[in-house]
Amino acid sequence: MAPGNFSRVTEFILLGLSDTRELQLLFFTLFLLAYAMVLLGNLLIIVTVRTDPKLSSPMYFLLCHLSFIDICYTSVTAPKVLVALLSGHKAIAFEGCMAQLFFLHFVGSSEMFLLTVMAFDRYMAICRPLRYTAIMARRACWALVAACWVGGFIHSIVQTLLTLQLPFCGPNAIHSYFCDVLPVVQLACTNTALTEWLMASNSGLISLGCFLVLVASYALILAKVQAHLSQGHWKALSTCASHVMVVTLLFVPCIFTYLRPAGTLPSNKYVCVIFTTFSPMMNPLIYTLRSNEVKESMWRLWKR
(Lines give C-alpha, C1' and ligand atoms only; values in the text may rest on other atoms or scores of the structure.)
Protein backbone atom coordinates (compact mmCIF):
# COMPACT_ATOMS: atom_id res chain seq x y z
CA MET A 1 0.00 0.00 0.00
CA ALA A 2 1.42 3.38 -0.96
CA PRO A 3 2.35 5.72 1.91
CA GLY A 4 -0.01 8.36 0.59
CA ASN A 5 -3.00 6.16 1.28
CA PHE A 6 -2.23 5.87 4.98
CA SER A 7 -4.08 8.95 6.27
CA ARG A 8 -6.61 9.54 3.52
CA VAL A 9 -9.50 9.17 5.98
CA THR A 10 -9.58 12.25 8.22
CA GLU A 11 -12.69 11.39 10.22
CA PHE A 12 -14.98 8.51 11.10
CA ILE A 13 -18.76 8.38 11.41
CA LEU A 14 -20.09 6.68 14.53
CA LEU A 15 -23.40 5.15 13.47
CA GLY A 16 -24.49 4.80 17.08
CA LEU A 17 -27.18 2.53 18.49
CA SER A 18 -30.14 3.60 16.34
CA ASP A 19 -31.13 5.92 13.49
CA THR A 20 -34.63 6.51 14.89
CA ARG A 21 -34.94 9.90 16.59
CA GLU A 22 -37.30 8.64 19.27
CA LEU A 23 -34.90 5.84 20.21
CA GLN A 24 -32.00 8.28 20.18
CA LEU A 25 -33.77 10.46 22.75
CA LEU A 26 -34.51 7.38 24.85
CA PHE A 27 -30.87 6.26 24.68
CA PHE A 28 -29.76 9.80 25.55
CA THR A 29 -31.88 9.75 28.71
CA LEU A 30 -30.63 6.31 29.72
CA PHE A 31 -26.97 7.15 29.05
CA LEU A 32 -27.29 10.46 30.90
CA LEU A 33 -28.81 8.78 33.96
CA ALA A 34 -26.21 6.02 33.88
CA TYR A 35 -23.32 8.48 33.52
CA ALA A 36 -24.66 10.60 36.37
CA MET A 37 -24.93 7.50 38.57
CA VAL A 38 -21.37 6.50 37.67
CA LEU A 39 -20.01 9.94 38.58
CA LEU A 40 -22.01 10.47 41.76
CA GLY A 41 -21.78 6.89 43.05
CA ASN A 42 -18.06 6.47 42.51
CA LEU A 43 -17.22 9.97 43.76
CA LEU A 44 -19.22 9.19 46.90
CA ILE A 45 -17.18 6.02 47.45
CA ILE A 46 -13.90 7.90 46.95
CA VAL A 47 -14.88 10.67 49.38
CA THR A 48 -16.17 8.16 51.94
CA VAL A 49 -13.04 6.01 51.88
CA ARG A 50 -10.67 8.99 51.94
CA THR A 51 -12.42 10.73 54.85
CA ASP A 52 -13.12 7.77 57.15
CA PRO A 53 -10.04 6.38 58.99
CA LYS A 54 -11.96 3.15 59.67
CA LEU A 55 -11.86 2.37 55.96
CA SER A 56 -8.08 2.16 55.76
CA SER A 57 -7.73 -1.55 55.00
CA PRO A 58 -6.22 -2.65 51.66
CA MET A 59 -9.66 -3.74 50.42
CA TYR A 60 -11.04 -0.20 50.66
CA PHE A 61 -7.81 1.29 49.34
CA LEU A 62 -8.24 -0.81 46.21
CA LEU A 63 -11.96 -0.05 46.07
CA CYS A 64 -11.17 3.67 46.04
CA HIS A 65 -8.91 3.18 43.03
CA LEU A 66 -11.54 1.03 41.31
CA SER A 67 -14.04 3.87 41.66
CA PHE A 68 -11.55 6.32 40.14
CA ILE A 69 -10.93 3.94 37.22
CA ASP A 70 -14.69 3.53 36.66
CA ILE A 71 -15.10 7.31 36.39
CA CYS A 72 -12.26 7.53 33.86
CA TYR A 73 -13.47 4.49 31.93
CA THR A 74 -17.02 5.75 31.42
CA SER A 75 -15.83 9.28 30.67
CA VAL A 76 -13.90 8.00 27.65
CA THR A 77 -17.11 7.18 25.76
CA ALA A 78 -20.14 8.69 27.53
CA PRO A 79 -19.67 12.44 26.76
CA LYS A 80 -19.21 11.79 23.02
CA VAL A 81 -22.21 9.45 22.98
CA LEU A 82 -24.42 12.01 24.74
CA VAL A 83 -23.42 14.79 22.34
CA ALA A 84 -24.02 12.56 19.31
CA LEU A 85 -27.43 11.41 20.53
CA LEU A 86 -28.60 14.92 21.33
CA SER A 87 -27.17 16.86 18.40
CA GLY A 88 -27.03 14.16 15.75
CA HIS A 89 -23.38 15.01 15.05
CA LYS A 90 -21.78 11.58 14.69
CA ALA A 91 -18.42 12.49 13.16
CA ILE A 92 -15.19 12.03 15.09
CA ALA A 93 -11.76 13.07 13.86
CA PHE A 94 -9.22 10.36 13.07
CA GLU A 95 -6.96 11.59 15.89
CA GLY A 96 -9.90 11.70 18.32
CA CYS A 97 -10.89 8.19 17.35
CA MET A 98 -7.38 6.87 17.99
CA ALA A 99 -7.25 8.72 21.32
CA GLN A 100 -10.59 7.25 22.38
CA LEU A 101 -9.42 3.77 21.38
CA PHE A 102 -6.18 4.19 23.35
CA PHE A 103 -7.74 5.47 26.56
CA LEU A 104 -10.60 2.96 26.41
CA HIS A 105 -8.18 0.03 26.42
CA PHE A 106 -5.74 1.76 28.77
CA VAL A 107 -8.31 2.30 31.51
CA GLY A 108 -10.33 -0.85 30.75
CA SER A 109 -7.39 -3.24 30.97
CA SER A 110 -6.13 -1.44 34.08
CA GLU A 111 -9.51 -2.16 35.68
CA MET A 112 -9.22 -5.85 34.79
CA PHE A 113 -5.79 -6.03 36.39
CA LEU A 114 -7.06 -4.16 39.46
CA LEU A 115 -9.99 -6.56 39.89
CA THR A 116 -7.47 -9.40 39.77
CA VAL A 117 -5.45 -7.67 42.50
CA MET A 118 -8.63 -7.25 44.57
CA ALA A 119 -9.29 -10.99 44.24
CA PHE A 120 -5.72 -11.65 45.41
CA ASP A 121 -6.35 -9.35 48.38
CA ARG A 122 -9.44 -11.33 49.38
CA TYR A 123 -7.55 -14.61 48.93
CA MET A 124 -4.76 -13.45 51.24
CA ALA A 125 -7.25 -12.11 53.81
CA ILE A 126 -9.13 -15.41 53.99
CA CYS A 127 -6.59 -18.11 53.16
CA ARG A 128 -3.42 -16.51 54.57
CA PRO A 129 -4.64 -14.25 57.40
CA LEU A 130 -1.40 -14.42 59.42
CA ARG A 131 0.66 -13.10 56.50
CA TYR A 132 -2.01 -10.72 55.17
CA THR A 133 -0.86 -7.57 56.97
CA ALA A 134 2.76 -8.03 55.95
CA ILE A 135 2.07 -8.89 52.30
CA MET A 136 -0.68 -6.30 51.70
CA ALA A 137 1.13 -3.38 53.33
CA ARG A 138 0.36 0.09 51.98
CA ARG A 139 3.58 0.25 49.97
CA ALA A 140 2.77 -3.11 48.38
CA CYS A 141 -0.75 -1.88 47.56
CA TRP A 142 0.66 1.19 45.81
CA ALA A 143 3.06 -1.02 43.87
CA LEU A 144 0.23 -3.32 42.77
CA VAL A 145 -1.92 -0.38 41.66
CA ALA A 146 1.01 1.09 39.73
CA ALA A 147 1.58 -2.29 38.08
CA CYS A 148 -2.08 -2.31 36.97
CA TRP A 149 -1.68 1.07 35.27
CA VAL A 150 1.62 0.06 33.63
CA GLY A 151 0.10 -3.19 32.39
CA GLY A 152 -2.89 -1.29 31.01
CA PHE A 153 -0.62 1.17 29.21
CA ILE A 154 1.45 -1.58 27.59
CA HIS A 155 -1.68 -3.40 26.43
CA SER A 156 -3.26 -0.24 25.06
CA ILE A 157 -0.20 1.08 23.26
CA VAL A 158 0.14 -2.26 21.47
CA GLN A 159 -3.51 -2.12 20.35
CA THR A 160 -3.17 1.49 19.21
CA LEU A 161 0.06 0.92 17.28
CA LEU A 162 -1.44 -2.11 15.53
CA THR A 163 -4.34 0.10 14.44
CA LEU A 164 -2.24 3.09 13.41
CA GLN A 165 -0.07 1.04 11.06
CA LEU A 166 -3.13 0.17 8.95
CA PRO A 167 -4.07 2.24 5.86
CA PHE A 168 -7.54 3.84 6.01
CA CYS A 169 -8.51 5.07 2.57
CA GLY A 170 -12.10 3.98 1.96
CA PRO A 171 -15.24 3.58 4.09
CA ASN A 172 -15.33 5.49 7.38
CA ALA A 173 -18.63 4.41 8.98
CA ILE A 174 -18.09 2.63 12.31
CA HIS A 175 -20.96 0.33 13.31
CA SER A 176 -20.77 1.30 16.96
CA TYR A 177 -21.18 4.31 19.25
CA PHE A 178 -17.47 4.58 20.08
CA CYS A 179 -14.11 3.80 18.50
CA ASP A 180 -12.91 0.30 19.31
CA VAL A 181 -10.27 -1.85 17.69
CA LEU A 182 -12.50 -4.41 15.98
CA PRO A 183 -14.95 -2.07 14.18
CA VAL A 184 -12.11 0.31 13.24
CA VAL A 185 -9.81 -2.41 11.89
CA GLN A 186 -12.61 -3.67 9.63
CA LEU A 187 -12.42 -0.34 7.74
CA ALA A 188 -8.77 -0.71 6.76
CA CYS A 189 -7.88 -0.87 3.06
CA THR A 190 -5.81 -4.02 3.36
CA ASN A 191 -5.98 -7.62 4.53
CA THR A 192 -6.27 -7.40 8.31
CA ALA A 193 -6.45 -11.10 9.18
CA LEU A 194 -3.07 -11.13 10.94
CA THR A 195 -3.79 -7.87 12.77
CA GLU A 196 -7.17 -9.17 13.91
CA TRP A 197 -5.60 -12.34 15.30
CA LEU A 198 -2.91 -10.32 17.10
CA MET A 199 -5.56 -8.05 18.63
CA ALA A 200 -7.72 -11.00 19.64
CA SER A 201 -4.67 -12.60 21.24
CA ASN A 202 -3.93 -9.37 23.08
CA SER A 203 -7.31 -8.18 24.35
CA GLY A 204 -9.05 -11.53 24.39
CA LEU A 205 -6.34 -13.47 26.18
CA ILE A 206 -5.89 -10.72 28.77
CA SER A 207 -9.63 -10.82 29.50
CA LEU A 208 -9.71 -14.62 29.60
CA GLY A 209 -6.50 -14.91 31.62
CA CYS A 210 -7.62 -12.45 34.29
CA PHE A 211 -11.02 -14.10 34.41
CA LEU A 212 -9.52 -17.56 34.96
CA VAL A 213 -7.24 -16.24 37.71
CA LEU A 214 -10.24 -14.66 39.39
CA VAL A 215 -12.30 -17.85 39.15
CA ALA A 216 -9.42 -19.88 40.57
CA SER A 217 -8.95 -17.49 43.50
CA TYR A 218 -12.66 -17.55 44.36
CA ALA A 219 -12.67 -21.35 44.13
CA LEU A 220 -9.81 -21.49 46.65
CA ILE A 221 -11.63 -19.02 48.89
CA LEU A 222 -14.82 -21.11 48.74
CA ALA A 223 -12.88 -24.26 49.64
CA LYS A 224 -11.28 -22.45 52.57
CA VAL A 225 -14.61 -21.17 53.86
CA GLN A 226 -16.20 -24.61 53.66
CA ALA A 227 -13.34 -26.05 55.71
CA HIS A 228 -13.45 -23.32 58.38
CA LEU A 229 -16.99 -22.14 59.00
CA SER A 230 -16.32 -19.08 61.13
CA GLN A 231 -18.17 -15.77 61.20
CA GLY A 232 -15.14 -13.89 59.93
CA HIS A 233 -14.75 -16.16 56.95
CA TRP A 234 -18.42 -15.83 56.02
CA LYS A 235 -18.14 -12.04 56.23
CA ALA A 236 -15.18 -12.12 53.87
CA LEU A 237 -17.04 -14.48 51.55
CA SER A 238 -19.93 -12.01 51.46
CA THR A 239 -17.49 -9.37 50.25
CA CYS A 240 -16.26 -11.76 47.56
CA ALA A 241 -19.82 -12.19 46.30
CA SER A 242 -19.86 -8.54 45.25
CA HIS A 243 -16.55 -9.04 43.47
CA VAL A 244 -18.02 -11.99 41.54
CA MET A 245 -20.91 -9.82 40.35
CA VAL A 246 -18.51 -7.13 39.10
CA VAL A 247 -16.33 -9.74 37.40
CA THR A 248 -19.33 -11.27 35.62
CA LEU A 249 -20.58 -7.91 34.36
CA LEU A 250 -17.18 -6.87 33.03
CA PHE A 251 -15.32 -9.97 31.91
CA VAL A 252 -17.98 -12.09 30.21
CA PRO A 253 -19.00 -9.39 27.65
CA CYS A 254 -15.32 -8.51 27.08
CA ILE A 255 -14.40 -12.14 26.42
CA PHE A 256 -17.33 -12.44 24.00
CA THR A 257 -16.30 -9.23 22.22
CA TYR A 258 -12.53 -9.54 22.00
CA LEU A 259 -11.63 -13.23 22.05
CA ARG A 260 -12.22 -13.62 18.33
CA PRO A 261 -11.15 -11.97 15.06
CA ALA A 262 -13.47 -9.27 13.78
CA GLY A 263 -15.04 -11.28 10.96
CA THR A 264 -15.91 -14.52 12.79
CA LEU A 265 -19.10 -13.22 14.44
CA PRO A 266 -21.14 -10.07 13.88
CA SER A 267 -20.22 -7.37 16.40
CA ASN A 268 -22.93 -6.59 18.91
CA LYS A 269 -22.74 -2.96 19.97
CA TYR A 270 -25.42 -3.54 22.59
CA VAL A 271 -23.12 -6.01 24.37
CA CYS A 272 -20.55 -3.21 24.59
CA VAL A 273 -23.03 -1.13 26.61
CA ILE A 274 -22.69 -3.69 29.43
CA PHE A 275 -18.97 -3.25 30.02
CA THR A 276 -18.64 0.43 29.04
CA THR A 277 -21.62 1.82 30.95
CA PHE A 278 -23.67 -0.72 32.89
CA SER A 279 -20.78 -2.34 34.80
CA PRO A 280 -19.27 0.97 36.06
CA MET A 281 -22.77 2.09 37.04
CA MET A 282 -23.43 -1.05 39.06
CA ASN A 283 -20.09 -1.09 40.90
CA PRO A 284 -21.03 1.57 43.49
CA LEU A 285 -24.40 -0.10 44.15
CA ILE A 286 -22.87 -3.55 44.48
CA TYR A 287 -20.07 -2.55 46.81
CA THR A 288 -22.09 -0.21 49.02
CA LEU A 289 -25.10 -2.51 49.37
CA ARG A 290 -22.87 -5.50 50.18
CA SER A 291 -20.71 -3.66 52.74
CA ASN A 292 -22.20 -2.52 56.04
CA GLU A 293 -18.99 -0.65 56.85
CA VAL A 294 -19.25 1.50 53.74
CA LYS A 295 -22.94 2.20 54.35
CA GLU A 296 -22.26 3.19 57.97
CA SER A 297 -19.39 5.45 56.87
CA MET A 298 -21.61 7.12 54.26
CA TRP A 299 -24.26 7.70 56.93
CA ARG A 300 -21.67 9.29 59.24
CA LEU A 301 -20.44 11.43 56.36
CA TRP A 302 -24.01 12.53 55.61
CA LYS A 303 -24.62 13.50 59.24
CA ARG A 304 -21.43 15.54 59.30
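## Aromatic cluster

Phe68, Phe102, Phe103, Phe106, Trp149 and Phe153 are joined by ring pairs into a cluster. The model is a predicted one. Across the structure there are 14 aromatic pairs.

A pair of aromatic rings is described by the distance of the centres and the angle of the planes. For Phe106 and Phe153 the ring centres are 6.0 Å apart and the planes stand at 85°, so this pair is edge-to-face; the cut-off for that class is over 60 degrees. Phe106 belongs to helix H3 (residues 94-127) and Phe153 to helix H5, so the pair ties together parts that lie 47 residues apart in sequence. Phe106 has a relative accessible area of 16% and is therefore buried, the limit being under 20%. Phe153, with a relative accessible area of 40%, is partly exposed.

## A tilted ring pair

Phe211 and Phe251 also form an aromatic pair, with 6.2 Å from centre to centre and 35° between the planes, and this pair is tilted. Phe211 sits in helix H7 (residues 193-227) and Phe251 in helix H8 (residues 231-258), so the pair ties together parts 40 residues apart in sequence.

Helix H5 (residues 138-164) contains His155. The relative accessibility of His155 is 6%, so this residue counts as buried.

Which residues are in contact with His155, leaving aside its neighbours within four places in sequence? They are His105, Ser109, Asn202, Ser203 and Ile206.

## Packing of H1 and H2

Two packed helices are described by the angle between their axes and the distance between the axes. Helix H1 spans residues 21-51 and helix H2 spans residues 58-87; their axes come within 9 Å and cross at roughly 155°. Angles over 145 degrees count as roughly antiparallel, and H1 and H2 are therefore roughly antiparallel to each other. The crossing in which H1 passes H2 is left-handed.

What kinds of residues make up the contact of H1 with H2? The contact consists of 22 nonpolar, five polar and three charged residues.

How values were computed:
Residues are numbered from 1 along each chain as its sequence is written. This is a predicted model: local features need pLDDT of at least 70, side-chain atom pairs count only at pLDDT 80 or more; totals for chains, interfaces and linings use all residues. Side-chain values use heavy atoms; hydrogens and water are left out. Axes are lines fitted to C-alpha atoms, for helices over the stretch in contact, and angles run from 0 to 180 degrees between N-to-C directions. Helices (H or I, at least four residues) and strands (E, at least two) are DSSP runs, numbered from the N terminus. Angles under 35 degrees count as roughly parallel, over 145 as roughly antiparallel, 65 to 115 as roughly perpendicular and the rest as oblique. A crossing is left-handed if the near helix is turned anticlockwise from the far one by less than a right angle, and right-handed if clockwise. Ala, Val, Leu, Ile, Met, Phe, Trp, Tyr, Cys and Pro count as nonpolar, Asp, Glu, Lys and Arg as charged, and the others, Gly among them, as polar. Buried means under 20% relative accessible area, exposed over 50%, partly exposed in between (1.4 Å probe, protein chains only). Contact means heavy atoms within 4.5 Å. Rings of Phe, Tyr and Trp (its six-membered ring) pair if their centres lie within 6.5 Å; planes under 30 degrees apart count as stacked, over 60 as edge-to-face and the rest as tilted.
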